[in-house]
Amino acid sequence: METTVQVPRDNIMPQPGPVNIVKIKSDGKLVLDEEGLRKIVCSDDVKDLDVAVVSIAGTYRSGKSFLMNLLASYLQRYQEGEVDEKEWPEPILQGFDYRGGADTVTKGIWIWSKPFIIKLQDKKVCVLLLDTEGENDVGTSQHQDMKIYCLTAMMSSVLIYNVMRLYGAGDNKLLQVYTSLAPLCNSTTQKEDTLCQRLCILIRDWPWIPDNKNESPQPGYFSYGLEGGKEYKKQKITPQGPDHDKHLLSLDQAFEHVDCFLMPNPCPKIESASLENPPFYSGDFKEHIKLFAECLFKPEKIVVKKNFSKPLKCAEMMNRFKTFTDAIQDGIQLATLEEANVKQLKEKVRNNLKKTYKQKMESLQLPVPLSDEDFNTRYKKLIAEVLSEVSAYLKNAEEWNDVFEEFKSDESTQRIRNEHFKKNNEERYNVDTFKPKCMTLFGGVGAGVGA
């Protein structure tokens, strides 16, 4: 008789796909799915890797989810080997939901459930993809939109700002949301930090490309890709007038690098495309979507998320999401966000103190055990070295004395110190008790020989 074995559903590994980690309640409050996020960023294979976070923002119904599916598909192929131009981009049959029509699809913030691991020259990094709710949806308030925009920016190392066809005054106002957060980034560290390392303004369905047969420049016409985008940004995005320099300074403070990419239309009937009815792509689009993916994910182009000028580990995204989700619940106020930023820094300082302390304690012991006095002298010097290294990137290090004192008196700090002290004494005792026996033994032998 044939036996059918039922496999428990909990043991079935789900296929990678989108997870709604930040939901929005009817009262506008944000709800973080902590358990869902923890499973993604704290998994054993990625938790200790430097993390790059690529997100997308922009108005609703502008193809953001469609684009993020293509990037997820590219990363999946890239981490398995080179991307074959004949096979990619292929129609996306599962992923971030998208469809034609006037109704919005994406709500809150979504993350791809499986981080992508990319090999650099000397290490591995993991890449997270974030898809976000669109701005200006009739079903949401501006207050809600700003919360999503702010949280997305605080999490990202690369922010793709998605625009359909033409960049306008409304887009400029939205970017000012990010530049207004710039003062947060350099108030607590010696080195100037940035809100997000890279801003890429992506102009979708760009229709006006120069006619190669026409040798004279055509006003308002720009070629696809980064080169055309560079000129478009210079002429159409960079503001002119009395606020010109002030605005540019804000952009420089908020982002390390700002560029623009002009993307061709994927296909004539893209508006009616969906996961169930995927489009077939034009040759121009295939060429330039690959170029766009390469400028984001080639090893030399990967941008790791930094916080206080230090690379962020994937597992640290857990605490970062929670801290800033809580901070913006009642509105986006610079003072509240700065307090959250300082909270993040304190946690990082504590972790760095513990990590540096453990490493130095391991090297404290010498082949010859130390006396109590020498041990304590070396220990005090070691503590001073730990505090000096960690405080090197802090502004006004004296303001962190409470954290330093807390570290020195911490139970785990004292436990490690006492364990080493006890081990040192045991080794010294073994040497001290062994020496007289050796002296007697060899002294006796020596006396007999001398006689």
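These legends describe close-up views of a predicted model.

**View 1. Helix H1 packs against helix H8.** H1 spans residues 34–41 and H8 spans residues 316–327. Their axes lie 9 Å apart, at an angle of about 155°. That angle makes H1 roughly antiparallel to H8, since angles over 145 degrees fall in that class. The crossing is right-handed.

**View 2. Side by side: the residues of the H1–H8 contact.** H1 contributes Glu-34, Leu-37, Arg-38 and Val-41. H8 contributes Met-317, Met-318, Phe-321 and Lys-322. Of these contact residues, five are nonpolar, three are charged and none is polar.

**View 3. Trp-206 and Phe-222 form a tilted aromatic pair.** The model has 13 aromatic pairs. In this one, the ring centres are 6.1 Å apart and the planes meet at 50°, so the pair is tilted. Both residues lie in the loop between strand E8 (196–204) and helix H5 (225–237). The pair therefore ties together parts that are 16 residues apart in sequence. Trp-206 is buried, at 2% relative accessibility. Phe-222 is buried too, with a relative accessible area of 5%.

**View 4. Trp-206 also pairs edge-to-face with Tyr-232.** Here the centres are 5.2 Å apart, with 70° between the planes. Trp-206 sits in the loop between E8 and H5, and Tyr-232 in helix H5, so this pair links parts 26 residues apart in sequence. Trp-206 and Tyr-232 are both buried.

**View 5. Four residues make up one aromatic cluster.** The members are Trp-206, Trp-208, Phe-222 and Tyr-232. Trp-206 pairs with Phe-222 and with Tyr-232.

Notes: Residues are numbered from 1 along each chain as its sequence is written. This is a predicted model: local features need pLDDT of at least 70, side-chain atom pairs count only at pLDDT 80 or more; totals for chains, interfaces and linings use all residues. Side-chain values use heavy atoms; hydrogens and water are left out. Axes are lines fitted to C-alpha atoms, for helices over the stretch in contact, and angles run from 0 to 180 degrees between N-to-C directions. Helices (H or I, at least four residues) and strands (E, at least two) are DSSP runs, numbered from the N terminus. Angles under 35 degrees count as roughly parallel, over 145 as roughly antiparallel, 65 to 115 as roughly perpendicular and the rest as oblique. A crossing is left-handed if the near helix is turned anticlockwise from the far one by less than a right angle, and right-handed if clockwise. Contact means heavy atoms within 4.5 Å. Ala, Val, Leu, Ile, Met, Phe, Trp, Tyr, Cys and Pro count as nonpolar, Asp, Glu, Lys and Arg as charged, and the others, Gly among them, as polar. Rings of Phe, Tyr and Trp (its six-membered ring) pair if their centres lie within 6.5 Å; planes under 30 degrees apart count as stacked, over 60 as edge-to-face and the rest as tilted. Buried means under 20% relative accessible area, exposed over 50%, partly exposed in between (1.4 Å probe, protein chains only).
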